[in-house]
Amino acid sequence: MADTSDIRTPAQIEADIKRRREVLAETLDEIGVRVHPKTIVGDAKAKVASSVDQTLGRTYVQANRVVSDVKSQFVDEEGSPRLERVVPVALVVVGVVGLIALGGTRRRRR
């Protein structure tokens, strides 16, 4: 004997076909949106922006570490400056600025 539990009416079959067509239409619409050039460009821009954000974040962290290391060289634990390190650096900076200023005035005279 044949199994009669899977017998459907033509109306049920038509309803199933209609439902499947709607699902396929939605899927095709999604595929159309995903392969659209604007979507592809937008996704690429988002990936680049994410990569840049990560790179900037890493750079920021690294810069903070460098600043903290430099600060620890010139400031003690209490927050007061270490004069034995600040004074020589300040003298070098003043000397370099003075040399640059003298070099600039000599060029102008000629």
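Where is Glu26 placed in this structure? Glu26 sits in helix 1 of what is a predicted model, where local features need pLDDT of at least 70, side-chain atom pairs count only at pLDDT 80 or more, and totals for chains, interfaces and linings use all residues. Numbering starts from 1 along each chain as its sequence is written, and side-chain values use heavy atoms, with hydrogens and water left out.

**View 1. The whole chain: helices and nothing else in the way of strands.** The protein chain has three helices and zero strands (DSSP runs numbered from the N terminus: H or I of at least four residues for helices, E of at least two for strands). Read from the N terminus, that gives α-α-α. The radius of gyration is 36 Å, well over the 13 Å that the globule rule gives for 110 residues, so the chain is more spread out than a compact globule (C-alpha atoms; the rule is 2.2 Å times the number of residues to the power 0.38). The C-alpha trace spans about 110 × 50 × 20 Å along its principal axes.

**View 2. The surface of the protein chain, with 0% of its 110 residues buried.** Buried is under 20% relative accessible area, exposed is over 50%, and partly exposed is in between (1.4 Å probe, protein chains only).

View 3. Glu26 counts as exposed because its relative accessibility is 52%.

View 4. Leu28 belongs to helix 1, residues 10-34. With a relative accessibility of 58%, Leu28 goes down as exposed.

**View 5. Asp16 between two arginine partners.** Opposite charges on side chains can pair when the charged atoms come close. Here Asp16 bridges to Arg8, with the closest N and O atoms 2.1 Å apart (a salt bridge is a Lys or Arg side-chain nitrogen within 4 Å of an Asp or Glu carboxyl oxygen). Asp16 also pairs with Arg19, and again the closest N and O atoms are 2.1 Å apart. Both Asp16 and Arg19 are in helix 1, three residues apart, or about one turn of the helix. Arg8 counts as partly exposed at 40% relative accessibility, and Arg19 is partly exposed at 46%. Shared partners join Arg8, Asp16 and Arg19 into one network of salt bridges.

**View 6. The Glu77 and Arg82 pair.** A search of the whole structure turns up three salt bridges; one of them is here, where the side chains of Glu77 and Arg82 meet at 4.0 Å, N to O. Glu77 is exposed, with a relative accessible area of 76%.

**View 7. Val86 in helix 3.** Helix 3 covers residues 83-109 and holds Val86. At 28% relative accessibility, Val86 is classed as partly exposed. Asp76 is 10 residues from Val86 in sequence, and the two are 12 Å apart in space, C-alpha to C-alpha.
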